[in-house]
Amino acid sequence: MKTILVPGGAGFIGSHTVKALHQHGYKSIILDNFSNGYKESVLNGEVIEGDIRDSALLDKIFTEHNIDAVIHFAAFIEAGESVVNPLSFYDNNTAGTLNLLQSMQKHKVEHIVFSSTAAVYGQPEEDDALVETLPKLPINPYGQTKWAVECMLRDLAVSCTFKSIALRYFNAAGSDPSGQIGELHEPETHLIPLVLQAASGKRKNIKMFGTDYPTPDGTCIRDYIHVCDLASAHVKALEYLFDRVEKTEGFYDAFNLGTGTGFSVREVIETAKKVTGIDFDAIEEDRRPGDPAFLIANASKANEILGWQPEYPKLEDMIKHAWAFLKNR
Ligand SMILES: NC(=O)c1ccc[n+]([C@@H]2O[C@H](COP(=O)([O-])OP(=O)(O)OC[C@H]3O[C@@H](n4cnc5c(N)ncnc54)[C@H](O)[C@@H]3O)[C@@H](O)[C@H]2O)c1
């Protein structure tokens, strides 16, 4: 049985991936400092409380456990906060990952799947689905910290036999259909959980920022991807690195993960009203700076090369599962 170190495995996407790893016969060692994760979200594997910036702890983990690969989720994720506190984002996301990579190299662990983001593309002009080869022009420190890590992985692959895949997620959504684990960000800034908070009465209403975009209903369009589909993509990426990359070569590649279908803010709100059977107020506000009208993934590279396909592309399913998780809590 292969053992995977999962930094950030107690968070939203990490906890779903730990479950998928278990289902595919892998053992997970979860390293999380619980800055934004929850012990009860980890359904399988061994949990170590600690920080990716702690070199001594990483040495201990790599010495005591026979780690075959790393799937790395640990990061600060809130783009708005990264504008206010850029250095803490560079420290955690970029320097933290540098520390992890140095430790991996020291202990001859050569395979990593890294959580990257659509934020590396910044604010593209086009409304076509985005392909991986587009220029990387992040508009906030968060996106920049992730692109900096991708550059390290790219350069490392040239210098030695280190093998990495960066997965650029679009908008992660939904929950495990069992309702056991789900999205619990603090503060919450993602649209679907905020809309469901409005449905549950936890917040008074939901705000729509910008209703005059050049989209069919005037609100922004985003590509939502079910968290279980993200989890399965990590397993595919890991197996690609293990089985299909030449052992004697360095390797780095990046893949978009989305469904290729966009849903507008209004569609999300209307679907949530339908799924929950609850009406709530949606307030029209001015546009926010830095919000492109369209952000849609072209994920055909992941479909073709990794053999990955989303199982839950319907917005209704994403909202239904997220709602089941909220009600469960
Ligand atoms: N949620 C999304 O829509 C989305 C989109 C694109 C990319 N991503 C990326 O995916 C990854 C996971 O996102 P998420 O939504 O699950 O976030 P999350 O906040 O739920 O999970 C991150 C986890 O990392 C842990 N962590 C943070 N810093 C750490 C450190 N220094 N040492 C150890 N643990 C640390 C947190 O406690 C948390 O459990 C992040 O890297 C994020 O940038 C997320």
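The side chain of Asp-176 makes a polar contact of 2.4 Å with the side chain of Ser-178; a polar contact is a pair of N or O atoms within 3.5 Å, where, within protein, one must be able to donate a hydrogen and the other to accept it, and residues adjacent in sequence count only if both atoms are side-chain atoms. The model is predicted, with local features needing pLDDT of at least 70 and side-chain atom pairs pLDDT 80 or more, while totals for chains, interfaces and linings use all residues. Residues are numbered from 1 along each chain as its sequence is written, and side-chain values use heavy atoms, without hydrogens and water.

A second polar contact, of 2.9 Å, links the side chains of Asp-176 and Lys-19. Asp-176 is located in the loop between strand S7 (171-173) and H6; helices (H or I, at least four residues) and strands (E, at least two) are DSSP runs, numbered from the N terminus. With a relative accessible area of 7%, Asp-176 is buried (under 20% relative accessible area, with exposed over 50% and partly exposed in between; 1.4 Å probe, protein chains only). Setting aside neighbours within four places in sequence, Asp-176 is in contact (heavy atoms within 4.5 Å) with His-16, Lys-19, Ile-181, Val-227 and Cys-228.

Two helix pairs are described next. Axes are lines fitted to C-alpha atoms, for helices over the stretch in contact, and angles run from 0 to 180 degrees between N-to-C directions.

| Helix pair | Axes come within | Crossing angle |
|---|---|---|
| H6 (residues 191-200) and H10 (residues 315-328) | 10 Å | roughly 55 degrees |
| H4 and H5 (residues 141-159) | 8 Å | roughly 20 degrees |

H4 is therefore roughly parallel to H5, whereas H6 and H10 are oblique to each other; angles under 35 degrees count as roughly parallel, over 145 as roughly antiparallel, 65 to 115 as roughly perpendicular and the rest as oblique.

In the contact of H6 with H10, Ile-192, Leu-196, Ala-199 and Ser-200 of H6 meet Leu-315, Ile-319, Ala-322, Trp-323 and Leu-326 of H10. These residues comprise 8 nonpolar, 1 polar and no charged (Ala, Val, Leu, Ile, Met, Phe, Trp, Tyr, Cys and Pro count as nonpolar, Asp, Glu, Lys and Arg as charged, and the others, Gly among them, as polar).

Gly-96 belongs to helix H4 (residues 86-106) and is buried at 0% relative accessibility. The C-alpha atoms of Gly-96 and Asp-51 are 8.3 Å apart, although 45 residues separate them along the chain. Beyond neighbours within four places in sequence, Gly-96 is in contact with Ile-52, Arg-53 and Asp-91.
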